[in-house]
Amino acid sequence: MKKLILLTLLTSLNTYAASMKDMVTYLASDSLEGRKPGKPGNEMALDYIEKQVKDIGLSPLGDNHRQEFTIFTEMVKNGDNLFVIDSKVDALFQPISFSLSKTLTDKQLVFAGFGISIPIGDQKIVYDDYQGIDVKDKIVIIMSGDPGIGNINSPFRDPAYISYRSLFYKLKNAISHGAAGAIIINDPLSLENYPEEEAPYFNTSEGGGHRFSIVVGRSTNKFINTFLGPISTLAIQKKISKTQKPFSLELNNKANLSVQLSKKTGRVANIVGMIEGSDPKYKKEVIVIGAHMDHLGHGGESSMDPVQDGKIHHGADDNASGTAFVLNLASELKKSEHKRTYVFVLFNAEEMGLLGSSHFVSSWARYESSYGKLIAMLNYDMVGRYQKDISVMGTASAK
């Protein structure tokens with residue numbers, strides 16, 4: 001009898017594992033191209049998951065199993081995007097996705113070093129790239145990085161000052177000094193083949209959130225050096241690195257800078273299914289079981305392969321594994337009655353900033369009178385590498 005019970009249990013587990021394997025294999029296949037929200041592969045994944053939910057027999061939440069919402073999908077160029085100095089066109093210029101869309105004409109250029117201003121009173125560093133120069137209503141040229149590059153003894157090596165390398169900081173600082181536009185170039189000491197460098201690229205996946213009130217794009221050292229006369233960007237950076245003092249200068253050149261971008265949006269969906277509780281006392285205590293079903297598509301700056309339109313990021317572990325686990329758990333729980341109500345959610349657009357879960361939570365008010373309050377949530381993310389240990393997170397912020 002014991003052998004029969006054990007054999008039945010093993011058969012059940014093998015069937016369970018095979019089902020999960022089939023799900024992960026499909027969701028992480030080449031044809032789904034990384035399940036990026038707004039792309040065909042993501043829609044194919046939604047169709048597949050919705051079918052699984054229906055086959056399991058989960059009830060819809062409201063009218064159907066899809067909970068739709070709008071997301072930012074990409075930035076697109078929709079006009080003139082160019083950078084011209086003294087009638088010479090920068091053939092490699094690319095706008096930055098969170099730039100203001102506007103055309104600047106006949107603006108004076110100012111080379112503003114790293115675009116850094118350390119607040120007066122700082123105990124460790126006295127440094128201001130904007131000291132002694134006027135950039136109001138002008139276009140500033142700013143290098144990436146900070147004065148610590150090339151100088152191991154620089155106080156900028158202190159991790160407390162790493163934020164000054166941030167592009168967001170540099171742009172906010174340029175705006176605070178009145179600049180109308182900004183051109184970003186790579187700091188030359190970080191280039192392997194100065195003055196040659198890879199052409200800047202336009203990142204279509206940024207720009208969906210905060211947009212800066214400044215016209216901004218990327219150029220190259222080679223193009224900028226054409227207008228610096230006897231000095232070069234490399235010489236300037238070496239001087240700053242050695243002295244740890246700014247070296248900014250106003251140029252006798254006028255430039256036109258134009259960035260024209262528009263934001264595209266798309267509709268995506270969470271897939272939601274429910275097992276209603278059977279106990280009148282507890283059925284309106286709702287337990288959510290979830291996992292995100294989207295992934296990174298072909299990668300990009302937020303991935304481990306930051307090349308635009310790079311290789312497919314299949315997302316087998318992150319998070320086809322969690323998706324398959326939740327679907328199989330729903331199938332098992334559907335076989336018996338439960339006091340409380342279970343809501344299963346396969347969240348979309350989580351890799352873009354927790355958009356699917358935020359939409360689910362903000363939408364629950366319309367369902368609360370019918371189904372009850374959310375009292376607990378279990379989220380399964382990257383469970384595909386489970387061996388002996390299990391990681392439980394969120395205990396510091398939950399009851």
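Which residues make a nonpolar surface patch of about 380 Å²? The patch is made by Tyr386, Ile390 and Val392. For a patch of this kind, residues must have over 30% relative accessible area and no salt bridge, and nonpolar side chains (Val, Leu, Ile, Met, Phe, Trp, Tyr) are joined within 5 Å, while like charges are joined within 9 Å.

Good morning, colleagues. The model before you is predicted: local features need pLDDT of at least 70 and side-chain atom pairs count only at pLDDT 80 or more, whereas totals for chains, interfaces and linings use all residues. Residues are numbered from 1 along each chain as its sequence is written, and side-chain values use heavy atoms, with hydrogens and water left out.

Let me stay for a moment with Val392. This residue is placed in the segment after strand 13 (373-379). Helices (H or I, at least four residues) and strands (E, at least two) are DSSP runs, numbered from the N terminus. Val392 counts as exposed because its relative accessibility is 63%. Here, exposed means over 50% relative accessible area, buried means under 20%, and partly exposed lies in between, with a 1.4 Å probe and protein chains only.

I turn now to the chain as a whole. The protein chain has eight helices and 13 strands. Its radius of gyration is 27 Å, well over the 21 Å that the globule rule gives for 399 residues, so the chain is more spread out than a compact globule. That radius is taken over C-alpha atoms, and the globule rule is 2.2 Å times the number of residues to the power 0.38. Along the principal axes, the C-alpha atoms fill a box of roughly 90 × 45 × 40 Å. Of the 399 residues, 47% are buried. Among contacts (heavy atoms within 4.5 Å) with a separation of 6 or more, 82% join residues 24 or more positions apart.

Next, helix 3, which spans residues 167-176. Its buried residues are Leu167, Tyr169, Lys170, Leu171, Asn173 and Ala174. Against what do they pack? Their partners are strand 6 (139-143), strand 7 (181-185) and strand 8 (215-218). At the start of the helix, a side-chain oxygen of Ser166 reaches to within 3.1 Å of the backbone nitrogen of Phe168. Just after helix 3, Gly178 takes a positive phi of about 90°.

We come to the charged pairs. Side chains of opposite charge can pair when their charged atoms come close. The structure holds 17 salt bridges, each being a side-chain nitrogen of Lys or Arg within 4 Å of a carboxyl oxygen of Asp or Glu.

One of them joins the side chains of Lys264 and Glu74, at 3.6 Å from N to O. This pair links distant parts of the chain, with Lys264 in strand 10 (residues 261-275) and Glu74 in strand 1 (residues 66-77), 190 residues apart. Lys264 is partly exposed, at 40% relative accessible area, and Glu74 also counts as partly exposed, at 22%.

Another salt bridge is formed by Asp158 with Lys124, whose closest N and O atoms are 2.8 Å apart. Asp158 lies in the loop between strand 6 and helix 3, and Lys124 in the loop between strand 5 (102-111) and strand 6, so the pair ties together parts that are 34 residues apart in sequence.

There is also a network of salt bridges, linking Glu43, Asp47, Glu50, Lys54 and Arg66. Glu50 lies in helix 2 (residues 40-56) and, leaving aside its neighbours within four places in sequence, is in contact with His65, Arg66 and Ile271.

Ser219 counts as buried because its relative accessibility is 3%. Its side chain makes a polar contact with the side chain of Asp90, at 2.6 Å. A polar contact is a pair of N or O atoms within 3.5 Å; within protein, one must be able to donate a hydrogen and the other to accept it, and residues adjacent in sequence count only if both atoms are side-chain atoms. Beyond its neighbours within four places in sequence, Ser219 is in contact with residues including Phe83, Asp90, Ile183 and Pro200.

Definitions and conventions. Areas by Shrake-Rupley, 256 points an atom, 1.4 Å probe, with all protein chains shown as cover.
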